[in-house]
Structures are given as C-alpha cells and as structure tokens.
Amino acid sequence: MSDQHTPHIQLAEESIQKQTTTLNLGPTHPATHGIFENVLEIDGEKVLSATQRLGYIHRAFEKIAEHRPYGQIQPLTDRLNYCSAPINNIGWQLTVEKLLGLTMPKRVDYLRVILMELARIADHLVCNSVVAVDTGALTPFTYVFQIRERIYEIYESICGARLTTNIGRIGGFERNFTKDSWKKIDEFMVVFPKALKEFESLLNRNRIFMDRCIGAGSISAERALNYGFTGPNLRAAGVDYDVRVHSPYCSYEDFEFEIPVGTNGDVYDRFMVRNAEMWQSYSIIQQALTKLKDLDPSIYHADVPAYYLPEKKEVYTKMEALIYHFKIVMGEIDIKAGEVYFPVEGANGELGFYLISDGGRAPFRLHFRRPCFVYYQAYPEMITNGLLSDAVIALSSLNVIAGELDA
Amino acid sequence: MTNEYIQQILSDKFGTAVWGFEESFGIFSCNIKPEMNTAVLQFLNEEGSLGFRFLTDLTAVHYPDRKAEEICVVYHLHNLVANKRMRVRASVSIAQPDIVTMTNLYSSANWMERETYDFFGVNFIGHPNLIRILNADEMNYFPMRKEYPMEDPTRTDKDDEMFGR
C-alpha cells in the first residue's frame, strides 16, 4: 500500500492555471427545465461564452415516421412540445388533410381552435410562471398551475389523456365533446380571467421582478429574424408575425384578435407578450363558444369515410364500414403523392410539417420545423457579457422545450 | 409579387441554372444548381422586389433512385412583408454531397445545416462548426439515408412484410 495520496479527479494543468470558471448548466440542472446542456465559461458572475450541446432525448421521429401509416404518426407529435401537445396533433391532422384535400365542417374547425388556444394558454402559463420561479417568486407558479390542471382535465374528458394527448383524428375528432367537457370548459372560462389577473398583479408591475427582467437576455428584431425566431419570442422583439394571421388555417380568419408585440426583445417583453397572448386566446375561445351555438352540435368529424374510422357498431353491421375500418387500420388508404409544407402557430412559434408523400402507406419524408430548435441557437449571443442569473431567466423566458429541441 | 414575376426575374438573372418552376399546395418552388445556391439565395434575399429574407427551414431529402443527384437540399424561404413563401431545391450526388453553407447569410442556418449533415451527411463547405448535433459523435453513418434500416437489421423475430412500409 502506498502512502501517497492520489486524487480521484485529475485536472489538466491549464485548467488549474486559468482565471475563469467552467460551469455546466445542464444536462440535468433545475435552470434548464429539460435535458440539454450549456457549458458556460464565467468570470465571476459574468458569462464570457456558452457552448450548447443537445440530443439527449433525440428519438428519431423523422425516421420512425417513414415507417408508420399516417394515423400512427400523430402520437409522435405529442412528444415534440409536450407542454402544448394538442397544437402539434392538430397541426399534423391539418397537414395530412391539406395533402388529401379534405375540408372540415366549421364546427370541427372551431372545436380545434378551442383546443389549440387552451393549449397555448397552458404552455404560456408554464413558461411565464417558470420565469417567475427563476427570478425567485415561487408563489405565482403554484397559483397558475391550478389553472393548468383545469386545462388538463378538459383534455382528459375529451380524449382520456392529459399530457401526451393524441387528441382528434385525421378527418375530425374521435368522439364528440361530452357534457362533462363543456361543463369543464365553462368553468374554466369563469375562473381563468380572475387567475390571470391575479398572476399579472403579482408580477407585471412588481419592482423586483421588473428590475430582474428588463434588459436581460435581449435581442434586436433584426438579429431575431436572422436567427429564425418566430412566435412570442419574435413578437417580443417587435415583429408582428403570427401564422394564424399571415396564413390562416382552421378558420382562424373568422376570429377577431390582436397580435401583441414588444419593443426590446428582453425577458420582460417576452413575459408581457405571453401574458397578452393569453388574453387574446381567452377572447378567441369566447368567440368560438359563441359561434358554436349556431351550429349543429352533433357534427364532430367530416364525412370522409375513406380516411376517418367508422363507428364501432357500424363496423359490426355494415359491409362498407368494415372495409374502411380494415383499410384505415392496415394503412391501405389512398394517399396522393405530393409535397406539402404546412405551418401552424405553435405556442413557441411557427411549427412546420414538411411532408413528402410518394403515394405509399407511410410518408416518404417528414420533417418537423421545430421553433425551439431554430431559435435556441441564438442563446449564446443573448447571454454573452451578461450575468449568470440573467442567463438563467433568459433560458426560461425563451421557453426551450427539450422534446421539441431534439425531436 | 406573382409566381410569374419571380420566375421571370430569376430566369433573366441565372438562365438555365434555375429551372422546374411550379406551385404545389400553395408554395412556389424551383430547382437550382447546387453550386449556385449562395448566388441565388443571396439574390432572393437582397433584390428589393423579392425580399425573401427569412429562412424558415433547411433540410434534405434522400431519393435513392435519382442517379448522381440523390440528396436534395431543400430551403424554405419566406418574405414576411409580402407574406410569400418559396421553396428552393438543390440536388447533390451522394458520392460527393458538397454544397456551400448559408451561415453567412442566415445565422439560423447554422444548426439546421448541422442537423442536415448529421442525418444525411451533406458537407456544407465553409460551415463554422460542422459536427453532429442530435446523434452521438462516434456514429459512423448518416441515419436518415434510405439505406439505413430503422431497426437492427440482424433481428429475425419481426416480419415487416405485412405491417412495414
């Protein structure tokens, strides 16, 4: 046995000599709220450089999608931005419907709009309350998570799932909204304004919160556009680009709403834009509920038997229903060849589906344009020469979702 | 800005280096020679009457049947002011998949090109940091190319004849 003590960790000489500190922010760090890594070089509290590493939860969805019938790809989209899964699901349905040339009844469009706006509210609530947590205000987070829970209960009563919803189908919804779902939506419409008002009154003009957020992690409109920013992060920098307005889908053209914009593109502007967007989403849901009153409440899917699964009792009694059921389940439906790019306004920005079909049962190629993946590369530029604490809130205000980052 | 106008101005400027103009599912698209990608995209960006200044998406598609142009690099551009989208394709051969990087024009191209390299092996000449982004560094193949099976090819317990693609 040797007396000499050998250290377990051996550092390179230049690592001991250098005057700066290397800090691993991630992959499993409370500040990242997801599995991705930032290696920061810091001098005291000042960030000198940042190197990002991702791919920790890469699941090869694009490859898997080339081997699945169209209906079975939808559960993959749940796992992109899992904070607002219904937007991904409905985006995928709309992409396939565009390829197939299907048009939906107005009622289906409005039901989808309600779900997408609920999902947007849930996503923004998570993002904004986590910004507050990272600035040290834990309480608002616990308040708004009760509201998010209500939204998850609405999903649950519509489709049975909460997080990875797989809600709706190509051609409409798998079943009509139940009485219970409508009751939950109505309750939500009553409690939500109060809760959001409370949340805003706790933070919007809070001196400590404002001092922490204003000027932190800012980006100019020009740089944001060059970096491919979309969604609330781009709008916070002052560019009023919103897919719902620029290329309306799912009857968004029937609704009256505003696009909130910021000026500085900093954490505070992103926070304020998301809050304002939640009010707009609330108003869209209200309008949709009013419009639904004039429509036949029994319609919840389009009349497209070749693409939409028939009801089970018909499968057992009707020949055509049995044939369609078999063809859809076995992935033998007729799909046109074509090349479609379909963007929807995800909670984080433009979520695009680039689908190439060669007429086969599975896509020839499917690419997801994930907003997080595109804008997260601007992060080092946003935090360099700032403080470490600013880097943490800049990250949470960008709302980087690991599932969407890695696909 | 009409499709005819874009076609006209591109043909006047680049002649036969740009071809295959078509509109499908609402997006106007064209093919370009891969060595012209910087010139064409820069022109689309800087020409005042076109103004495609936003790079929405950059990816690739592998067509094993197209001889000498198996890998198709696809750019989705957007003119946010006129609200016009456009798709530009540049095909390279799988034996030598070289194309010049667009990172000088678009900062957003950095990771999108790394992803395209990672999955298709497209060599973006001049890219500042062309390394894998989502897959493991030690991987020695490009998984989105069609010849790579999704699952371990040595498996014998699964029969894909009925349920596979």
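Visitor: Which strand do five bridges join to S2(B), and do the two run parallel or antiparallel?

Guide: First, the ground rules: this is a predicted model, where local features need pLDDT of at least 70, side-chain atom pairs count only at pLDDT 80 or more, and totals for chains, interfaces and linings use all residues. Residues are numbered from 1 along each chain as its sequence is written, chains are lettered from A and ligands numbered from 1 in the order written, and side-chain values use heavy atoms, without hydrogens and water. Strands are DSSP runs of E, at least two residues, and helices runs of H or I, at least four, numbered from the N terminus; two strands pair if DSSP finds at least two bridges between them. Here, five bridges join S2(B) to strand S5 (residues 84-92) of chain B, and they run parallel. B:Ser29, for one, has B:Arg87 in S5(B) as its bridge partner.

Visitor: How many bridges join S1(B) to S2(B)?

Guide: Five, with strand S1 (residues 18-24) of chain B running antiparallel to S2(B). B:Trp19 sits opposite B:Asn31 in S2(B). Their hairpin has two residues between the strands, and B:Phe25 takes a positive phi near 50° there.

Visitor: What is the strand order of the sheet?

Guide: S1-S2-S5-S4-S3 in chain B, an open sheet of five strands with mixed pairing. S1 and strand S3 (54-62) of chain B are the edge strands, each pairing on one side only.

Visitor: Is S2(B) mostly covered or mostly uncovered?

Guide: Buried means under 20% relative accessible area, exposed over 50%, partly exposed in between (1.4 Å probe, protein chains only). Strand S2 (residues 27-32) of chain B is mostly covered, with five of its six residues buried.
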